[in-house]
Amino acid sequence: MTIESNRSEPKATDGRGWLSLPVWMGIAIAGLLVVVVVLLGLLAVSIMERRWEAQRPAMVVRPISQWEPDNAVWGENYPREYESYLQTRITNTKTKYGGADPRDYLTADPLQVLLFAGYGFSKDYRQARGHYYAVEDVAKTARIAKPFQAGTCWSCKSTDVPRLMDKMGVKEFYAANFHDLAGEVTHPIGCQDCHDPETLKLRITRPALREAFTAMGRDIDQATHQEMRSLVCSQCHVEYYFKTDAQAGLKNYLTFPWAKGTTLESMMAYYDGIEHKDYVHAISGTPIVKAQHPDYELYLTGVHAYRNVSCADCHMPYRTEGGVKYTDHHVQSPLLNIANSCAVCHRWSEDEIRTRVEGIQSKTEAAKLAAEDALVKAHFDVAAAAQAGATPEDLAGPRKLLRQGQFRWDFISASNGMGFHSPQESMRLLGEAANLAQQARIEAARLLATHGVTQPVAYPDVSTREKAWDVTQGFVQGQGVKLLP
Ligand code: HEC
Ligand code: HEC
Ligand code: HEC
Ligand code: HEC
């Protein structure tokens, strides 16, 4: 029987219904299927290869020694990561509240000069730039005092730190003089800080983070891969203080105040427990804890951490180049790279995303400024009560409220991102800061009244950075302006 005659048979009579096909067509379809399967297979292989390309340690051109601090040496093996890392040199990228621009906070917001009265931050306080500048920027800030400054200040600036800690010992490194180490610390934040040189796996190089986990009863070596994509950052982007304990032989030992947990309340309970203060406020005499940059702790309270989105997901998204997918090491504001960061998960337009972020940030800023206004007036009110004759015992109550209020404000003010990392927590803490400051003012007003002062306090003009500075200097030198009416 020929194919033709087969084909001429009526479908209804072959017992196979409408599915019956001529043999040549069956062969053609089978052939086509084979081709499709092969093509799909090739596609899958290609995807796997790309993924592998993104994850494998590249062909090692030159083995990297254990403590290699030089990013360029690592770069010979991993040119894409290195070249994107070098882009942290870019400094002209302003966003509404961030970007790699050394914005001068004190000129923009003179109230901060008063809030840090008697402390280095009232002299010089600028927005951070890219990782590439870490060594340069810390060496030139006016906050670094001579002749002695703790070696600890180098901890979060350089890939030379793990090497020096290995060589000198961790305690000895912290206890050393910053200026004596300057010749040894030359390479800015880089590969060594986050990677194992042999396997390129993410790793924790800073003992303070490891010790803070131990203090919380957790083992950092049990962290998941996704957690590590944030934990490498939390070696530096956290709240910390320098612990000195002569009995234990510790001097300026870098410590994260996490033994009771990472929320603001747990950290403050820790600080209160050891009566820690960074300075005594020059205007109100309040023992103040300066918040550093608790980016990780604030992030932990937000929806992205809750949903397991890591710092690297937003700040180090994937990039594709010549078909190769790799991690963008240009760590920067995600608003400068919305398409690769946020838009991977959020199907909103770039404009919508930016507007949403700026909306969150401008509300945070308004609450922040309101808290600052209340806190500054509270510092003056307490000083006025002292001028009226209130005793240190009388002032203990309002000072306690001020200490709590100022740390809540600073926790958000000093955190990067102007509230974006956790909008609700930011508003909660700024609201509490303002409330605590107003309670301090009520107590101060009562003290003033017992000393016969019922007129409003005569607040000085602090509308510019210079005027605010002069006022703080008066108090620093013990001749504060007269605040009583
Ligand atoms: C969901 C995305 C997202 C996650 C997750 C995230 N960030 Fe951010 N981060 C942002 C955005 C948005 C900004 C605001 C940038 C701006 O204002 O230009 C920001 C700002 C910053 C800034 C200041 C940058 C600048 O240019 O002002 C730092 C530093 C920072 N984040 C660190 C971290 C760290 C550390 C983590 C993890 C603990 C983290 N971020 C997690 C989105 C994220
Ligand atoms: C070894 C300490 C260290 C580690 C680890 C670290 N940072 Fe930083 N980061 C810094 C310092 C210090 C600066 C400020 C540098 C300057 O201003 O000179 C900074 C600045 C930044 C900025 C501001 C840059 C800009 O362009 O606005 C961002 C964003 C940032 N870091 C995010 C991250 C993220 C995300 C991680 C983890 C993937 C991380 N950092 C890991 C110490 C560190
Ligand atoms: C602040 C921390 C940090 C620094 C500094 C850093 N990396 Fe990475 N690197 C990461 C993270 C996070 C990933 C993503 C790892 C993952 O998810 O497995 C990564 C991934 C990689 C990978 C794997 C391939 C890829 O692109 O995803 C290589 C290779 C790499 N980095 C090389 C380098 C080199 C070279 C340097 C120095 C020039 C460097 N890294 C500096 C955090 C860092
Ligand atoms: C890896 C995925 C991922 C990335 C990247 C990401 N997000 Fe999200 N985002 C989420 C998830 C998940 C939620 C929670 C949504 C939910 O549970 O309904 C969320 C929630 C939000 C919300 C709502 C917050 C709230 O409290 O209601 C905003 C705003 C937001 N993201 C903005 C951003 C911005 C801006 C970026 C980039 C800087 C970004 N996201 C990057 C996954 C992501």
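This is a predicted model: local features need pLDDT of at least 70, side-chain atom pairs count only at pLDDT 80 or more; totals for chains, interfaces and linings use all residues.
# Briefing: cores, ligand shells and single residues

Residues are numbered from 1 along each chain as its sequence is written, while chains are lettered from A and ligands numbered from 1 in the order in which they are written.

**Around Thr391**

- Thr391 sits in the loop between helix 19 and helix 20. Helices (H or I, at least four residues) and strands (E, at least two) are DSSP runs, numbered from the N terminus.
- Thr391 and Pro317 are 74 residues apart in sequence. In space, 57 Å lies between their C-alpha atoms.

**Domains**

- The domain assignment gives domain 1 (23-56) and domain 2 (71-362). Such bounds come from an automatic or database domain assignment.
- The centres of domain 1 and domain 2, taken over C-alpha atoms, are 46 Å apart.

**Nonpolar cores**

- The largest nonpolar core has 51 residues. A core of this kind is a set of buried Ala, Val, Leu, Ile, Met, Phe, Trp, Tyr and Cys residues joined through C-beta atoms within 7 Å.
- Ala371, Leu375, Val382, Ala385, Ala433 and Ala437 have the most contacts inside this largest core.
- At least two residues of this core come from each of helix 6 (111-115), helix 14 (264-273), helix 19 (350-387), helix 20 (392-413), helix 21 (423-450) and helix 22 (465-476).
- Helix 19 gives the most to this core, with 12 residues.
- Ala437 touches Ala371, Ala374, Leu375, Ala378, Leu402 and Gly405, leaving aside residues up to four places away in sequence. Contact requires C-beta atoms, placed from the backbone, within 7 Å.
- A second, separate core has 48 residues, including Ala212, Tyr240, Cys311 and Val357.

**Ligand shells**

- Ligand 1 is surrounded by 25 residues, and the closest are Thr95, Gly98, Cys311, Cys314 and Ser333. A residue joins a shell if its C-beta atom, placed from the backbone, lies within 6 Å of the molecule.
- Helix 15 (295-300) and helix 17 (311-315) each supply at least two residues of the shell around ligand 1. Helix 17 has the largest share, with 4 residues.
- The shell around ligand 1 has 11 nonpolar, 12 polar and 2 charged residues. Here Ala, Val, Leu, Ile, Met, Phe, Trp, Tyr, Cys and Pro count as nonpolar, Asp, Glu, Lys and Arg as charged, and the others, Gly among them, as polar.
- Ligand 3 has 24 residues around it, and Glu81, Cys191, Cys194, Tyr326 and Thr327 come nearest.
- Helix 2 (23-55), helix 3, helix 4, helix 11 (191-194) and strand 8 each give two or more residues to the shell around ligand 3.
- By class, the shell around ligand 3 has 14 nonpolar, 7 polar and 3 charged residues.
- Ligand 4 has 16 residues around it, and the closest are Val303, Arg307, Pro334, Cys342 and Cys345.
- Helix 16 (303-306), helix 17, helix 18 (342-345) and helix 19 each give two or more residues to the shell around ligand 4.
- The shell around ligand 4 divides into 10 nonpolar, 3 polar and 3 charged residues.

**Helix 4**

- Helix 4 (residues 79-86) has Arg80, Glu81 and Tyr85 as its buried residues.
- They lie on the same side of helix 4, because they cover an arc of only 135 degrees around the axis. The arc is that of the directions from the helix axis to the C-beta atoms.
- These buried residues pack against helix 3 (71-77), strand 7 (318-321) and strand 8 (324-327).

- Asp101 lies in the loop between strand 2 (99-100) and helix 5 (105-108). Asp101 counts as partly exposed because it has 16 C-beta neighbours inside 10 Å.
- Asp101 touches Thr91, Thr93, Lys94 and Gln127, not counting residues up to four places away in sequence.
- Asn308 is in the loop between helix 16 and helix 17. Its 12 C-beta neighbours inside 10 Å make Asn308 exposed.
- Phi of Asn308 is near 65 degrees, a positive value in a residue other than glycine.
- Met418 is in the loop between helix 20 and helix 21. Met418 is buried, with 23 other C-beta atoms within 10 Å.
- Phi of Met418 is also positive, near 45 degrees.

Technical notes. A residue is buried if 20 or more other C-beta atoms lie within 10 Å of its own, exposed if 12 or fewer, and partly exposed in between; C-beta atoms are placed from the backbone. Two residues are in contact if their C-beta atoms, placed from the backbone, lie within 7 Å.
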